[in-house]
Amino acid sequence: MDDKQMPDGIVLTEAQKRSRRQRSVAIALALLVLVVLFFAVTMVKGPAVLVRPM
């Protein structure tokens, strides 16, 4: 038998790994911006956000 075995699955190149990392960071930043935006809107509206007609 061969001592060298093929790895299971897909093996990414360094460029693909770098691209995946950049994409993940961009998604995380977009999510952070949305969270901050929702928080800011909630703070500006104040407690009135919970008072609405039925």
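Residues are numbered from 1 along each chain as its sequence is written, and side-chain values use heavy atoms, without hydrogens or water. Because the model is predicted, local features need pLDDT of at least 70 and side-chain atom pairs count only at pLDDT 80 or more, while totals for chains, interfaces and linings use all residues.

Reader: How many helices and strands does the protein have?
Author: Helices (H or I, at least four residues) and strands (E, at least two) are DSSP runs, numbered from the N terminus. The secondary structure comes to one helix and zero strands.

Reader: What distance does helix 1 reach from its first C-alpha to its last?
Author: Helix 1 covers residues 14–45, which is 32 residues.

Reader: What percentage of the 54 residues is buried?
Author: Buried means under 20% relative accessible area, exposed over 50%, and partly exposed in between (1.4 Å probe, protein chains only). By that cut-off, the buried share of the 54 residues is 0%.

Reader: Which residue forms a salt bridge with Lys 17?
Author: A salt bridge is a side-chain nitrogen of Lys or Arg within 4 Å of a carboxyl oxygen of Asp or Glu. The structure holds one, with an N to O distance of 3.8 Å. Because the two partners are three residues apart in helix 1, about one helical turn separates them. The partner of Lys 17 is Glu 14.

Definitions and conventions. Expected span 1.5 Å × (residues − 1).
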